[in-house]
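The following note sets out points for a colleague who is examining the structure.

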Amino acid sequence: MRQAGVNIGITAYDPLMEDDILPLLHSFFPDGEAQSDLDIRVTEENGTVRAVTSFGSAVKNEIVPFKPEEGTDEGVIRRELRKEVARVVYLQISCLTGKILPWGMLTGVRPTKLVLERLENGLGMHASYLMDRFCVTKEKAALAVRVAHKEYTLINDLDYKHGFSLYVGIPFCASICNYCTFGSHPLHIFGHYVEPYLDALEKEIRETARFMKKRLDCIYIGGGTPTILSPDQIKRLISLIRENFDTDTAKEFSFEAGRPDSITKEKLKAMREGGVTRISINPQSMVERTLRTIGRAHTPAQITEAFMAARECGFDNINADLIAGLSGETPEDFRYTLSQIEKLSPESLTVHTLAHKRAARLTTSPEMYEGLEAHGVPEMVGMGADWAKEHGMEPYYLYRQKNMTESLENIGYSIPGKECLYNILIMEEKQTILALGAGASSKFVRDCRERFERVENVKSVKDYVERIDDMIERKRSYIAENNIEV
Ligand code: SF4
């Protein structure tokens, strides 16, 4: 592995161990800021595993304390040994660098999944399990346990095994934010594709609805920015969904109204009349300077106006997304944003931590953001948690992404009864998600929930429009050939 300023060598007798260790290294050295070379060697001789990590002149040499019980399955031994090696390497690097990662050696997207599985299997001692086995800090272990308990309560009543959820993507945006890699298409270039896109989407909705026999639990219209659609296009989309799927069983219908400058009263009315139950208006920040820097062409005042218009149209479940760590922001800016959000009284708040994605403008054009690194991001995340608590909200879902600032997390808070079930179902991989539109990735449950498989649509709207029959056929043949229960 080679990063700016650091050479890292990994040698392991099991190549899969390298796959476990690499994400850990990315967490420890997100910018390759280490000054000296790091070398990790994992060897095995006569049943003894040894992990030697050297960092500059300092060397740690550990024997991995792993003794499987007699008769344990080979696959289980290998999996457990890999985990143990990663744990030892984590502890060694932590000791050599003096760094502690909040989520320890957990580098995956779903840290709460481990706890949720334990809850479902009637096991206990969840926090100490995370701390002892995965070196998670006490604070994050407690958070994961709290979220998992909430998820458990919320989805247990749903009988999710007999249902599925529907996602429809509208991958167009007014402009592209500097941290975004969702593959959304800027309207000033791709605006002429919106109508052909809706035609293709209509075909995909009609055809795929025929496969689905299970009960529809949640509907989620995401993006991009779905509110770039005109009121008539919104009506058309909602009618299509209602005509083709049995939506009477749906517990919720969410619509991302992300950019306030794309929201009008007519659009809100179209959503409301179409039965949308929850919308998300996403300020990200209420600091005007920040909004300009990150490339969002709206003002804080437009966010307030959009909230007021949504309330006038009768919406009583509005989420607000914020991002901790935006270019140039300080804890003071975040505090100011929270003070402004207070006036909007959202029913839920999602606090994201900025993830540094390779293809985002923030990474590809660093000269544009020189000197604009955010400071005090963990403090901002803590402020979000305090604010949510003061406003009667509880954390109810949590996920992580690659290269998150300070290895933190994204957390959804909600007042009781206003949570978005879809967020839990998709994050915890609990049920099949039929995902339609360009860039949408359907997830099908296989083998009694032991495994999920994705069937992806092409990302470009041009390809999606031209190859819509292929997108439908991909799903149809996957379901038929694998005998998937949908
Ligand atoms: S609004 Fe969302 S999808 Fe659109 S560019 Fe910004 S982050 Fe990406």
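**Notes on the predicted model**

1. Helix H3, which covers residues 111–120, has Pro-111, Thr-112, Val-115 and Leu-116 as its buried residues. Viewed down the axis of H3, these buried residues fall within an arc of 125 degrees, so they line one face of the helix. In general, an α-helix has 3.6 residues a turn, so residues three or four places apart point the same way. The model discussed here is a predicted one.

2. The face of H3 turned away from the buried side carries the exposed residues Glu-117 and Glu-120. The cover over the buried residues of H3 includes helix H4 (126–134), helix H5 (138–156) and strand S14 (394–399). After H3 comes Gly-122, with a positive phi near 70 degrees.

3. How many of the residues of strand S16 are buried? Five of the five residues in S16 (residues 432–436) are buried, and the strand is described as mostly covered. Thr-432, Leu-434 and Leu-436 point one way from S16, while Ile-433 and Ala-435 point the other way. In a regular strand the side chains alternate between the two faces of the sheet. In S16 the residues pointing either way are all buried.

4. S16 is joined to strand S6 (residues 163–170) by five bridges, and the two strands run parallel. Within this pairing, Tyr-167 stands opposite Ala-435 of S16.

5. Strand S12 (residues 318–324) has six of its seven residues buried, so it is largely enclosed by the rest of the structure. Strand S11 (residues 278–280) is joined to S12 by two bridges, in a parallel arrangement. Ser-280 has Asn-319 in S12 as its bridge partner. S12 is also joined to strand S13 (residues 348–353) by six bridges, and these strands run parallel. Here Ala-324 has Thr-353 in S13 as its bridge partner.

6. Which residues are found around the ligand? They are Cys-173, Ile-176, Cys-177, Cys-180, Phe-182, Ser-184, Gly-223, Gly-224, Thr-225, Gly-258 and Arg-259. This shell divides into five nonpolar residues, five polar residues and one charged residue.

7. Cys-173, one of the residues around the ligand, lies in strand S7 (residues 172–173). Is Cys-173 buried or exposed? Cys-173 has 24 other C-beta atoms within 10 Å, and the cut-off for a buried residue is 20 or more, so Cys-173 is buried.

8. Leaving aside residues up to four places away in sequence, Cys-173 touches Ser-184, Pro-186, Leu-187, Gly-223, Gly-224, Thr-225, Ile-228 and Arg-259. Among these contacts of Cys-173, Ser-184, Gly-223, Gly-224, Thr-225 and Arg-259 also belong to the residues around the ligand. The C-alpha atoms of Cys-173 and Gly-191 are separated by 9.4 Å, and these residues are 18 residues apart along the chain.

9. The protein chain as a whole comes to 17 helices and 18 strands. Its radius of gyration is 23 Å, close to the 23 Å that the globule rule gives for 486 residues, so the chain is as compact as a globular protein of that length. The C-alpha trace spans about 70 × 55 × 45 Å along its principal axes.

10. Of the 486 residues in the protein chain, 44% are buried. Among contacts between residues at least 6 apart in sequence, 76% join residues at least 24 apart.

Definitions and conventions: Residues numbered from 1 in each chain as written. Predicted model: local features only at pLDDT ≥ 70, side-chain atom pairs only at ≥ 80, totals over all residues. Near = placed C-beta within 6 Å. Nonpolar A, V, L, I, M, F, W, Y, C, P; charged D, E, K, R; others polar. Helix = DSSP H or I, 4+ residues; strand = E, 2+ residues; numbered from the N terminus. Rg over C-alpha atoms; globule rule 2.2 N^0.38 Å. Buried ≥ 20, exposed ≤ 12 C-beta atoms within 10 Å, placed from the backbone. Contact = placed C-beta atoms within 7 Å. Arc of directions from axis to C-beta. Pairing = 2+ DSSP bridges.
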